[in-house]
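Thank you all for making the time this morning.

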Amino acid sequence: MGDEPRESRRRLLRVTGCGSLVALAGCLGSDDDENGVNDRPADWCFEDLDESVPDIEANAPSIDGVERKAPENLLSKEDAGYHCGPVEGQQCGNCTFYIDDRDGDAIGACTEVAGQIRSVDWCELWAARAKVQDG
Ligand code: SF4
């Protein structure tokens, strides 16, 4: 009987996925641990990302000045191997092709991949930002 609150807390932590340090990182906004390990499927965030991008981002260059490809030449997230969450420290936010959020929704775009792009995600086209490389 005295163990009921503890068991309830354990159950809550299991349900919310916040019972371990790895899961806690996810609860705080990161999807993966430092090794890119994640229990969730790689595409778990796709349903939260629109396929359309606001004009202010669609017409903007990436942080390194790369021009966005024409819509018909953009890769789908599936074809780019898009992964919800970073991989080994690589993520859209430190990729040369990332277009920072410009409409205040905290979601950006990409010069190579279609649709909304989260700064915390990754794809197989990842290339380091020049500004990061140069320090
Ligand atoms: S990692 Fe992929 S989706 Fe993300 S900004 Fe770079 S090229 Fe675009």
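Let me begin with a term that I will need more than once: a polar contact is a pair of N or O atoms within 3.5 Å, where, within protein, one atom must be able to donate a hydrogen and the other to accept it, and where residues adjacent in sequence count only if both atoms are side-chain atoms. What you see is a predicted model, so local features need pLDDT of at least 70 and side-chain atom pairs count only at pLDDT 80 or more, while totals for chains, interfaces and linings use all residues. Residues are numbered from 1 along each chain as its sequence is written, and side-chain values use heavy atoms, with hydrogens and water left out.

With that term in hand, let us look at Gln116, whose place is in the loop between strand 2 (109-110) and helix 4 (130-133); helices here are DSSP runs of H or I with at least four residues, strands are runs of E with at least two, and both are numbered from the N terminus. A polar atom of the Gln116 side chain lies 2.8 Å from the backbone nitrogen of Asp50, and the side chains of Gln116 and Asp105 are joined by a polar contact of 3.3 Å. Is Gln116 buried or exposed? With a relative accessible area of 8%, Gln116 is buried, where buried means under 20% relative accessible area, exposed means over 50%, and partly exposed lies in between, computed with a 1.4 Å probe on protein chains only.

Stepping back to the whole chain, the protein has four helices and two strands, which run α-α-α-β-β-α from the N terminus on. Of its 135 residues, 33% count as buried.

Now to the cysteines. A disulfide is a covalent bond between the sulfur atoms of two cysteines, and in this work a pair of cysteine sulfur atoms within 2.5 Å is called one. The structure holds one disulfide, and it joins Cys45 to Cys84 with an S to S distance of 2.0 Å. This pair links distant parts of the chain, 39 residues apart, with Cys45 in the loop between helix 2 (21-27) and helix 3 (55-58), and Cys84 in the loop between helix 3 and strand 1 (98-99). The angle about the S-S bond is -80°, and the link of Cys45 and Cys84 is left-handed; both cysteines are buried.

Where does the ligand sit? The ligand sits in the largest cavity. A cavity, on a 1 Å grid over the protein atoms alone, is a set of points where a 1.4 Å probe fits but cannot get out, and a molecule sits in one if more than half of its atoms lie within 2 Å of its grid points.

Cys92 is buried at a relative accessible area of 9%, and Cys123 is buried at 10%. Tyr82, in the loop between helix 3 and strand 1, counts as buried at 5% relative accessibility. The C-alpha atoms of Tyr82 and Cys123 are separated by 4.2 Å, although the two residues are 41 residues apart along the chain.

I will finish with two backbone details. Glu88, in the loop between helix 3 and strand 1, has a phi near 50°, a positive value in a residue other than glycine, and Glu88 counts as exposed at 64% relative accessibility. Ala106, in the loop between strand 1 and strand 2, has a positive phi near 70° and, at 61% relative accessibility, counts as exposed.

Notes:
On a 1 Å grid over the protein atoms alone, a cavity is a set of points where a 1.4 Å probe fits but cannot get out, and a pocket is an open set with protein on both sides within 12 Å along at least five of seven lines; lining residues have an atom within 4 Å of a point.
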